[in-house]
Amino acid sequence: MLRHTKLAAAAGMATLALAACSSSGADDAASPAAGGSEGTAIEGRAPELRIGAVVDISTWVAADAAWGNEATYYMAVYDSLLRTSATNEVQPGLAEAWEYNDDLTELTLDIRDGVTFTDGTPLDAQVVVDNLNRFREGASPDRGLLDAVTDVAAADDDTVVITLSAPDPALEINLSMQAGLIASPSTFDAPDAQTTPVGTGPYELDAASSTIGATYTFTANEDYWAPEDQHFDSITINYYADASALLNALRDGQVDISNLNSLTQIPDAEAAGYTTNSIPVNWKGLILADRWGANNEALADVKVRQAINYAIDREGLLQGLESGYGEPTTQIFNVEGDAYEAELEDAYPYDPEKAKALLAEAGYPDGIHITMPQTSFVPASEPELIKGVLAESNIFIDYEQAGESFFGDLLGGAWSAFAFGLNQEPLAWQTYNQAIAPGAAWNVYHQADETVEALAARIRLGGEDGAAAAKELNEYVVDQAWFAPFYRVIGAIVTADGFAITMKSGQAVSNLWDITATA
Amino acid sequence: MLSFVSRRLATGVGLIATLAVLTFFFLQFGVSDVAQRIAGQQAGPDAVAVVEERIGVDRPVQVQFADWAGSALTGDLGRSWFSGQEVTEAVMSRMAVTVSLAVGSVVLTALLGITLGALAATRRGWSDRGVQFLAVLGQAIPGFLMAMALVLVFAINLDWFPATGYTRPSESVPGWLLSITLPVVALTIGSIGGVAQQVRGSMIDAFERDYVRTLRSRGLPRRSVVLQHVLRNAAGPALTVLGLQFVILLGGAVIVETLFSIPGLGPLALTSTSQGDIPVVMGIVIVTGVVVVLVNTLVDVVQAWVNPKVRLS
């Protein structure tokens with residue numbers, strides 16, 4: 001609502017009113033609260049929630065959806081077949097119940113009765129089948145999430161059977177994210193499908209009050225099947241393309257809850273009266289990709305890769321690159337996941353002398369050179385700091401300016417090692433498919449390893465043995481130094497007084513239903 | 001007059017057609033991996049192939065252009081490859097926002113620039129030096145710095161205006177005025193000086209002309225000589241500068257629009273160009289081209305109306 005002083009100021013602007021006729025009018029790191037902010041949720045719905053976003057939605061087409069920072073947009077208008085809690089426990093969504101067959105290759109979903117899309121179309125099993133098949137054939141960057149699916153069929157009006165080529169421990173979680181979003185069939189071939197979503201979700205997009213690429217307004221879906229999860233009458237998501245604009249919006253109290261462009265904005269946000277909520281999200285470090293020595297022979301030697309790990313001053317890099325907002329680690333698996341081991345947090349303590357000794361043992365007494373990419377979207381200070389730290393152990397980084405096709409080149413194996421940050425997925429199986437499996441995008445040389453594959457086969461079957469294998473995989477990857485993690489960096493969301501949030505493990509944004517107004 | 005306007009508009013059509021051809025083919029050099037960008041950098045070849053077929057970049061460039069031109073001639077500029085929004089809707093809605101900023105800025109610049117320029121030319125001395133100093137100062141301060149200072153003072157500390165965002169006039173006219181005030185001021189401060197200098201110089205020239213001396217010797221009041229004769233003769237260069245400012249602001253307000261999170265044409269042009277979103281870039285080029293041709297024609301017509309000595313030729 002406009003403030004009185006602002007209305008008063010409007011009265012004195014006769015000069016600017018002349019322009020009216022030309023407008024058509026279309027359109028210390030310990031400070032963050034870990035896990036979320038506290039507060040007693042108010043009864044019923046609060047009038048409005050204003051969200052600040054640092055990423056715009058790329059498409060409203062559910063079959064093409066990505067996730068990460070875009071998840072908030074999708075959670076507003078769509079439901080997924082399953083849900084995951086803030087601690088990644090799988091819960092019912094549009095599927096009320098689900099169960100696997102004995103050999104874990106068939107998942108049967110019981111679709112919720114009486115649910116309708118906001119255009120009035122009823123939800124049934126065939127609609128779910130069509131949505132899943134569209135995702136498998138769509139343009140989502142994550143369509144590989146359903147790679148293990150060989151068939152989707154409607155057994156009856158409210159039962160869907162998903163058949164797998166092999167057990168997929170991540171399937172339930174995947175169905176709680178973009179792979180499980182269900183859109184109305186009326187949007188399948190609609191020319192405006194990318195801008196006009198129709199789901200069964202808690203809110204409807206008010207296209208007339210929204211400006212694509214800037215502001216999106218949503219109103220509560222009055223026929224929502226889970227009204228207890230609708231905490232607001234309306235939601236506005238304002239996308240801020242510029243970090244200064246977001247900071248100014250925070251200083252002016254224009255948003256109730258927001259992601260940040262950078263952790264360095266935390267002190268400014270707190271000075272503006274916001275509470276910082278944090279949770280570890282990504283790990284950042286070096287991906288020592290060329291473990292076969294295809295481009296850099298030295299990296300084929302495990303002693304060299306271990307030397308690189310010993311050469312990293314993790315505390316120093318955390319302070320220098322993230323202002324201390326994170327925690328040093330030498331493992332890539334999620335803290336709350338099945339593969340995590342506390343003793344692997346410091347498997348390679350900073351020791352330049354040990355690094356030099358390992359290099360000498362490997363036949364490189366004068367050190368090694370590694371060529372890495374440098375990009376314009378990372379501040380120049382970051383690669384320079386990494387270079388300086390490694391040089392103390394005779395590991396010399398030669399930077400090469402990356403071109404416009406940086407990601408394509410990176411994933412194509414253009415560089416034998418590179419600094420990067422990857423999401424810490426909830427399940428070990430997901431991390432395996434993200435960066436370790438022979439077909440994983442971030443195993444950029446697609447190296448296969450017999451030990452890893454044997455462990456993966458056990459993880460795939462789950463249970464106690466699967467969990468034990470996950471830990472063994474973590475130990476093996478750390479021991480073989482496939483990566484050289486620096487630290488686990490936090491994801492931060494700031495909340496204004498009167499709003500509370502429960503942060504979600506391993507995800508940049510929380511569940512929308514975990515944002516509440518407080519008394 | 002009618003013949004002049006017709007000739008200018010016909011030339012404008014040719015200009016826009018040339019612009020369209022050049023832009024379309026130049027853009028081809030920067031969009032080699034546009035399908036990959038749309039699908040996401042981690043998307044596999046299957047997903048990328050789906051996108052390529054969907055947006056039609058799997059066809060020869062000349063076929064793509066022929067398709068685009070055929071649709072454009074019927075008024076259909078297609079849809080954004082990235083957002084899926086109709087280009088006409090995307091460009092026109094944002095053009096309306098930017099035009100409101102540009103018109104506000106040009107009107108404010110005209111009022112302040114002509115007043116200050118006339119003040120400097122008629123009073124000279126300290127007034128003249130003061131105006132010239134302020135003109136240089138206004139031009140020297142970078143636009144983004146001015147925008148930041150305005151936000152800190154008038155939005156965050158005084159709480160008079162919103163720090164970011166845009167309110168449509170259809171939602172609230174006072175809200176709309178509040179939302180565009182700081183951006184308009186930020187866009188205006190740097191350009192007042194140019195207009196003031198032009199008006200000052202032209203008026204000083206006019207003061208030294210024989211006809212002004214004659215008017216004065218016949219006993220006409222100084223106020224009448226300045227307003228009816230000197231200022232009218234000096235208006236030509238100022239109108240040219242204001243016309244140019246308007247055209248520049250259509251594409252050049254990007255920094256201010258981004259800092260104030262205003263959904264104008266600037267951020268759309270920046271994003272679509274860096275993404276390689278050809279339909280949107282083409283839409284912006286065409287619509288902006290039309291506006292530029294119209295504004296330049298209008299400026300010439302107004303010049304002739306203000307000063308009949310100017311012949312439209």
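Reader: Which residue stands opposite A:Thr108 in strand 9 of chain A?
Author: A:Val161 does. Strands are DSSP E runs of at least two residues, helices H or I runs of at least four, both numbered from the N terminus. One caution: this is a predicted model, where local features need pLDDT of at least 70, side-chain atom pairs count only at pLDDT 80 or more, and totals for chains, interfaces and linings use all residues. Residues are numbered from 1 along each chain as its sequence is written, with chains lettered from A and ligands numbered from 1 in written order.
Reader: How many bridges join strand 7 and strand 9 of chain A?
Author: They pair over 5 bridges, in the antiparallel sense. Pairing takes at least two DSSP bridges.
Reader: And what is the strand order in the open sheet of chain A?
Author: The order is 6-7-9-8, with 4 strands and antiparallel pairing. Strand 6 (95-100) and strand 8 (149-156) of chain A each have a single partner, so one side of each lacks a neighbour in the sheet.
Reader: New topic. At what angle do helix 5 and helix 13 of chain B pack?
Author: About 50 degrees, with the axes 9 Å apart. Axes are lines fitted to C-alpha atoms, for helices over the stretch in contact, and angles run from 0 to 180 degrees between N-to-C directions.
Reader: Which residues of helix 5 of chain B make the contact?
Author: B:Val87, B:Thr88, B:Ala90, B:Val91 and B:Met95. Contact puts C-beta atoms, placed from the backbone, within 7 Å.

Methods. Two residues are in contact if their C-beta atoms, placed from the backbone, lie within 7 Å.
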